[in-house]
Amino acid sequence: MYWKPEIEILPQQQLRVLQAQRLQDTLSRAVNSPFYGKLFQKHGIGPETVKSVDDIRRLPFTTKEDLRNNFPYGFLTVPKQGAIRLHCSSGTTGNPTVIFHDNHDLSSWADLVARSLYCAGLRDTDVFQNICGYGLFTGGLGFQYGAERLGALVIPAAAGNTRRQIKLMQDFGTTAIHTIPSYLFRLHGAFQDLGLDPRRDTSLKLFVIGAEPHTDAQRRRIEELFGVKAFNSYGLSEMNGPGVAFECQYQNGLHVWEDAFLTEIIDPDTLQPVPDGEEGELVFTTLDRHAMPLLRYRTRDLTRFLPGDCPCGRTHRRLARISGRSDDMFIIKGCNVFPMQIEKVLMRFAEVGTDYVIELETFDGNDELTVKVELQKEWFTGDIEALEKLSRQIAHEVRDEILVTPAIRLVEPGSLPRSEGKAVRVIDSRKS
Amino acid sequence: MIAHQVSIFLENKPGRLEKVTSVLKETGINIRAMTLSTSSAGWGILNLLVDRPETACKKLSEAGHPAVLREIVVVRMQDRSGALHDMLSLLALAGLNVQNAYGTVLGDNKTAILVIDVEDTEHVQQIFDSAGVQALTSKEVYGL
């Protein structure tokens with residue numbers, strides 16, 4: 001019933017005691033990193049500052065900006081030699097955010113993912129096909145190690161090549177898949193093209209979907225198309241990746257693993273905790289990470305705690321589906337994108353000026369990204385090929401930056417909102 | 001004197017073409033011939049053969065449109081079957097790739113013109129010259 005019953009059904013009160021102990025341990029490690037060492041000194045903070053979990057509010061927040069400004073080793077609590085893996089964000093403009101793991105961290109991460117998958121119903125008799133990018137993206141190796149820890153047979157199928165994915169499913173009798181929700185719509189189309197019905201022609205019984213915003217209606221549609229239950233996964237690379245919060249068989253919110261992540265929900269404007277059950281920004285403190293602990297890390301993801309106990313018996317509180325962001329980041333095809341990344345690429349092209357609009361739309365079940373830019377009068381020569389080449393070049397350089405190929409749409413000068421003030425730069429009309 | 005057409009960048013959207021023609025109407029520009037090439041990416045280039053290309057280009061530019069003058073070669077043909085083929089054969093024989101070309105029949109119903117838009121207009125002139133085909137002067141083009 002549970003992967004780690006001693007943790008998963010630990011009464012809340014005892015869970016708080018465990019958190020307080022682990023928080024103290026985390027602080028005593030964090031002080032060894034250059035960033036927190038300086039910060040603690042400045043604010044007169046030490047492990048003794050924190051007697052209970054509520055004392056966490058005496059610590060300042062950590063932001064993505066802090067990670068970037070202290071790139072690459074400013075948060076490491078151990079010499080570089082002690083770390084054995086890193087994952088970092090995509091992009092070539094500015095510093096990426098990088099997270100280091102030592103042996104303990106990778107093992108505890110794998111265990112959290114195994115616990116999450118078990119919670120959704122995966123067992124060691126399952127064949128688990130992991131359809132997502134491997135490499136720096138945490139969904140690849142994160143689910144690989146987690147599903148292996150659980151004892152499932154794992155197919156590291158990685159992303160793309162839909163025909164081959166279907167063949168793997170048929171050859172090895174795949175019973176469970178992890179992927180981004182939008183891919184499942186494409187996959188279903190491919191089944192239809194082959195004259196196959198996944199409900200009849202596969203052994204699928206479990207989907208794990210995440211890394212991309214989606215609604216409950218989309219999830220229900222996926223379940224209907226495949227005749228398979230789909231479970232919501234939540235994670236972020238700063239908190240390892242997958243394995244932060246996960247749905248159980250009741251699909252009524254995501255249990256956040258409170259033994260590993262001290263979870264707060266704050267008002268992004270006042271930075272004060274919101275009243276229980278109200279929506280706000282998720283803030284995490286790692287409680288079981290050695291090489292690179294993060295304290296009060298602002299995720300920018302908006303959600304709320306769901307009230308009441310879960311019939312599954314797990315005591316870890318449940319988060320509602322992520323409803324949005326408190327910054328302008330968006331996610332497409334599983335990639336996190338900040339408009340600023342696209343803006344910086346556009347600045348290299350004098351031909352198109354600096355005003356732009358990013359449109360996110362769904363065509364035939366696929367999410368597409370279009371960047372509208374204004375062709376500058378003085379660069380126009382009347383040559384259609386030159387403009388097509390320019391569009392291709394911009395698309396190529398944006399792709400290098402965000403890992404998603406955009407459609408570039410040249411528009412007439414003056415037709416986009418000016419860059420002054422709070423112009424709306426992202427129009428998200430994806431089907432929800 | 002080399003003749004010019006006006007090339008205008010346009011979004012492929014209702015009303016965009018009309019904005020251009022309204023500027024030309026206000027300025028009293030007469031359009032002799034036009035083509036519109038659209039890319040699959042939602043925009044296109046409008047090429048206009050007009051009586052006063054410099055004024056047209058200036059006014060369109062002032063109205064905010066990316067507009068430029070592009071050199072063209074204009075030749076007169078007979079309005080008969082095979083005439084266009086004869087002209088294009090000359091260019092094909094010379095190994096020249098035509099990026100954009102268009103034509104129109106003149107009022108006398110006996111002659112037509114062919115407008116050729118290529119990077120190297122001088123080369124085209126030479127090809128026609130050596131074949132004994134007379135290209136129109138800019139004055140002739142604008143006075144059509």
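Two strands count as paired here if DSSP finds at least two bridges between them. Strands and helices are themselves DSSP runs, with at least two residues of E for a strand and at least four of H or I for a helix, numbered from the N terminus.

Hi everyone, a quick word on what we are looking at. This is a predicted model, so local features need pLDDT of at least 70 and side-chain atom pairs count only at pLDDT 80 or more, while totals for chains, interfaces and linings use all residues. Residues are numbered from 1 along each chain as its sequence is written, chains are lettered from A and ligands numbered from 1 in the order in which they are written, and side-chain values use heavy atoms, leaving out hydrogens and water.

Let's start with chain A. Its open sheet of four strands runs in the order β20-β19-β18-β21, with mixed pairing. At the edges sit β20 (407-411) and β21 (426-428), each pairing on one side only. Where does β21(A) join β18(A)? Three bridges link β21(A) to β18(A), residues 356-363, and the two run parallel. Within that pair, L360(A) stands opposite D428(A). Helix α12(A), residues 384-402, packs on this sheet and touches β19(A) and β20(A) (contact means heavy atoms within 4.5 Å).

Another joins D216(A) and R219(A), at 2.9 Å. Both sit in helix α10(A), three residues apart, about one turn. Buried or partly exposed? R219(A) is buried because its relative accessibility is 1%, whereas D216(A), at 34%, is partly exposed. For reference, buried means under 20% relative accessible area, exposed over 50%, and partly exposed in between, with a 1.4 Å probe and protein chains only. These two belong to a salt-bridge network that also includes R220(A), E223(A), E247(A) and R321(A).

Finally, chain B. Its open sheet has six strands in the order β2-β3-β1-β4-β6-β5, with antiparallel pairing. E11(B) stands opposite W43(B) in β3(B). E11(B) also meets K13(B) in a salt bridge of 3.5 Å, and E11(B) counts as buried at 6%.

Methods. Axes fitted to C-alpha atoms, helices over the stretch in contact; angles between N-to-C directions. Salt bridge = Lys/Arg side-chain N within 4 Å of Asp/Glu carboxyl O.
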